[in-house]
Amino acid sequence: MAVIGIDLGTTNSLGAVWRAGKAELIPDELGNLMIPSVVAVDLEGNILIGQAAREEELIHPERCASNFKRFMGTTKKYCLGEREFTPEELSALVLKRIRETAQTYLGEEITECVISVPAYFNNDQRYATKQAAQLAGIYCERLINEPSAAALTAHREDGEERVLLVFDFGGGTLDISIVDCFENIVEITTIAGDNHLGGTDFDREIAFAFCEEKGMDWDKLNRRQQANLLLESKRCKATLSLQNRVEMQFCPGENSGMEKLCMELDTEKLFHIGQGLFKRIKNVISRAITDSGLGVEDISGVLLAGGSSRMPVVQMFLSRLFGRDIVMGNDPDLLIARGIGIYTGIKERNEELKDILMTDVCPFSLGIEIVGDVPGGPSKMSMLIERNSILPCRAVGNYVTANDYQDKMIFGIFQGENYNPEQNLKLGDITISVPKAPKRQEGATVTFAYDINGILEVSVVSNSTGEKVNATFVSGYSQLSEKQLAAKKERMEAMSFLTREEEERKAIIAMAERLYAQTSGELRCHIEQAIALYSNAWKSKSPIRIRKWGSEVMRRLLTIEISLRKNVFDLEIEDLELFEKDED
Ligand code: AMP
């Protein structure tokens with residue numbers, strides 16, 4: 001029974017395992033390493049996961065969910081067709097798919113996994129991730145921070161001693177970690193981040209800029225128009241990773257009375273469109289460096305992770321910010337997954353990895369609300385665990401009653417850096433009874449234990465009666481009882497899934513039809529030929545032929561998709577010089 005690592009990404013997810021002395025990424029039956037983190041319910045009520053769901057999203061966005069990682073641990077509900085899902089349930093479907101893929105690839109049952117999460121995930125989001133694994137029927141004892149996984153890959157690959165800044169910029173999150181790599185130790189010293197800043201914000205800013213330039217009101221576009229415009233923004237953003245200029249095109253639709261609209265986009269314009277986002281990125285980096293007690297000059301390299309760090313404009317911005325050529329890491333999408341693969345090896349105490357030690361820190365301060373300094377005035381925080389304390393950690397605080405003859409003490413537990421509790425995230429309350437007595441004569445001892453997964457447990461003990469109350473701190477709604485969990489699992493099992501072959505067929509045909517509509521001439525002939533080959537394989541009813549031609553046709557379609565992106569303009573990256581001169 002192998003343990004697998006899962007990079008549960010906002011946009012794509014990957015599985016990895018430690019095998020034969022290295023981290024191996026797990027391909028699906030068609031040879032794809034990345035599974036789109038998208039779930040859909042088709043018109044027949046079948047659940048689609050991955051590429052088939054991503055294709056469905058282009059035709060029926062209202063029946064699809066993506067980017068749900070951003071909402072883990074919240075009460076957000078996704079309504080797909082007649083079904084409603086929580087972000088945890090959607091993530092569980094993706095995890096289930098990766099588990100099945102790994103089982104087919106490795107030929108053994110997978111019962112345990114390690115999942116990577118953004119370092120800046122809070123208690124609720126971490127707990128929700130573990131719960132998603134439970135729903136998917138796979139035990140997840142360990143969560144690992146994404147930047148830590150990336151640093152582990154970098155250190156394992158060349159073993160150099162240095163201080164790295166891991167810049168992990170995904171679809172929905174930015175995580176910055178300062179990592180000290182020396183001997184066999186990978187020590188995460190500081191974490192800072194923004195849970196709501198990622199590539200999709202660039203997509204939105206581009207779409208908004210398009211609306212502004214064309215005099216359109218974003219809020220007046222219907223859901224399908226918004227989805228199409230966002231998709232086009234995303235396409236253009238990715239194209240700018242290959243060339244310096246692209247033409248953005250948007251067809252409002254037949255009944256809108258509007259013609260096709262176009263906007264030129266280049267790296268310089270993207271930089272201006274993203275000004276607000278770059279300011280936010282700069283603030284997070286500054287906070288991380290300040291907290292680490294180091295100077296900018298102590299950072300030897302910026303390690304890129306996450307799909308959005310592929311953007312040349314982001315890399316240029318980083319080099320500018322540090323005043324030197326500092327960016328490293330040429331495969332940001334796979335860095336984290338490889339790191340979790342390595343971690344599964346460490347977890348299984350593999351001989352080659354037994355000397356490696358990795359330490360992590362907590363991203364937030366944690367404390368309780370206490371009476372403020374001014375009688376009757378606002379309350380204040382009593383911090384028990386400071387941010388960037390090494391995990392696991394514990395802290396104890398003693399508190400006395402504030403009023404005469406009160407019979408209980410209520411402790412509000414908060415996470416965040418503000419002096420004023422109201423400005424921080426409330427994790428919950430814990431209440432304990434105390435004997436009635438004049439103020440300050442009764443009290444309780446509060447213990448915070450922050451575990452290696454970044455999940456907080458709190459215990460409160462009354463000083464005079466010894467009564468004890470324990471709680472794992474996540475907001476009540478996400479803490480499911482055994483019964484609720486079993487009911488949810490049952491609901492998931494009762495869902496209707498296509499066979500893997502049928503789902504692949506749906507994805508391939510939808511993709512082929514979409515590309516056919518976008519192309520002409522010779523490319524169309526290639527697509528027609530690919531569809532014919534694939535249909536013949538299906539007619540033969542031979543599972544081996546279906547698989548073989550499925551992966552071949554998928555490979556050809558992906559090549560066409562990439563070539564479509566590349567051929568819009570033939571400008572070279574060198575043109576960026578213009579932008580650099582302007583900036584100076
Ligand atoms: P992740 O959450 O790490 O999977 O990152 C996904 C994000 O990276 C999405 O917002 C993508 O649009 C973005 N992304 C992926 N590839 C590229 C690329 N070549 N250029 C720009 N953005 C990209």
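Is Lys 506 buried, exposed or partly exposed? Select Lys 506 and you'll find it partly exposed, at 27% relative accessibility (buried is under 20% relative accessible area, exposed is over 50%, and partly exposed is in between, with a 1.4 Å probe and protein chains only).

Before moving on, know that this is a predicted model, where local features need pLDDT of at least 70 and side-chain atom pairs count only at pLDDT 80 or more, while totals for chains, interfaces and linings use all residues. Residues are numbered from 1 along each chain as its sequence is written, and side-chain values use heavy atoms, with hydrogens and water left out.

**Stop one: salt bridges**

Glu 44 sits in the loop between strand S5 (39-41) and strand S6 (47-49), and Lys 506 belongs to helix H12 (residues 500-518), so the pair ties together parts 462 residues apart in sequence. Helices (H or I, at least four residues) and strands (E, at least two) are DSSP runs, numbered from the N terminus. Glu 44 itself counts as exposed, at 60% relative accessibility.

Next, pick Glu 89 and Lys 488. Their closest N and O atoms are 3.3 Å apart, in another salt bridge. This one also links distant parts of the chain: Glu 89 is in helix H2 (residues 87-106) and Lys 488 in helix H11 (residues 482-493), 399 residues apart. Glu 89 counts as buried, at 4% relative accessibility.

Now go to Asp 291 and Arg 387, whose side chains meet in a salt bridge at 2.5 Å, N to O. Asp 291 lies in helix H8 (residues 275-292) and Arg 387 in the loop between strand S21 (380-385) and strand S22 (393-400), so parts 96 residues apart in sequence are tied together by the pair. Asp 291 is partly exposed at 30% relative accessibility, and Arg 387 is partly exposed too, with a relative accessible area of 25%.

For a group view, select Glu 29, Lys 96, Arg 97, Glu 100, Arg 500 and Glu 503: a network of salt bridges links them. The structure holds 34 salt bridges.

**Stop two: the cavities**

How many cavities of 30 Å³ or more are there? The count comes to two. Here a cavity is a set of points, on a 1 Å grid over the protein atoms alone, where a 1.4 Å probe fits but cannot get out, and lining residues have an atom within 4 Å of a point. Grid points are joined across faces, edges and corners, and a volume is the space filled by probe spheres set on the points.

The largest cavity has a volume of about 60 Å³. To see its lining, select residues including Leu 14, Ile 26, Asp 28, Ile 98 and Ala 102. Strand S2 (12-19) and H2 each give two or more residues to that lining, and H2 supplies the largest share, three residues.

Finish at the second largest cavity, with about 30 Å³ of space. Among the residues lining it are Arg 126, Arg 142, Asp 360, Leu 391 and Gly 454. Strand S11 (residues 139-145) gives the most, four residues. At least three lining residues come from each of domain 1 (3-197 + 279-359) and domain 2 (366-473), with domain bounds from an automatic or database domain assignment.

Methods: A salt bridge is a side-chain nitrogen of Lys or Arg within 4 Å of a carboxyl oxygen of Asp or Glu. On a 1 Å grid over the protein atoms alone, a cavity is a set of points where a 1.4 Å probe fits but cannot get out, and a pocket is an open set with protein on both sides within 12 Å along at least five of seven lines; lining residues have an atom within 4 Å of a point.
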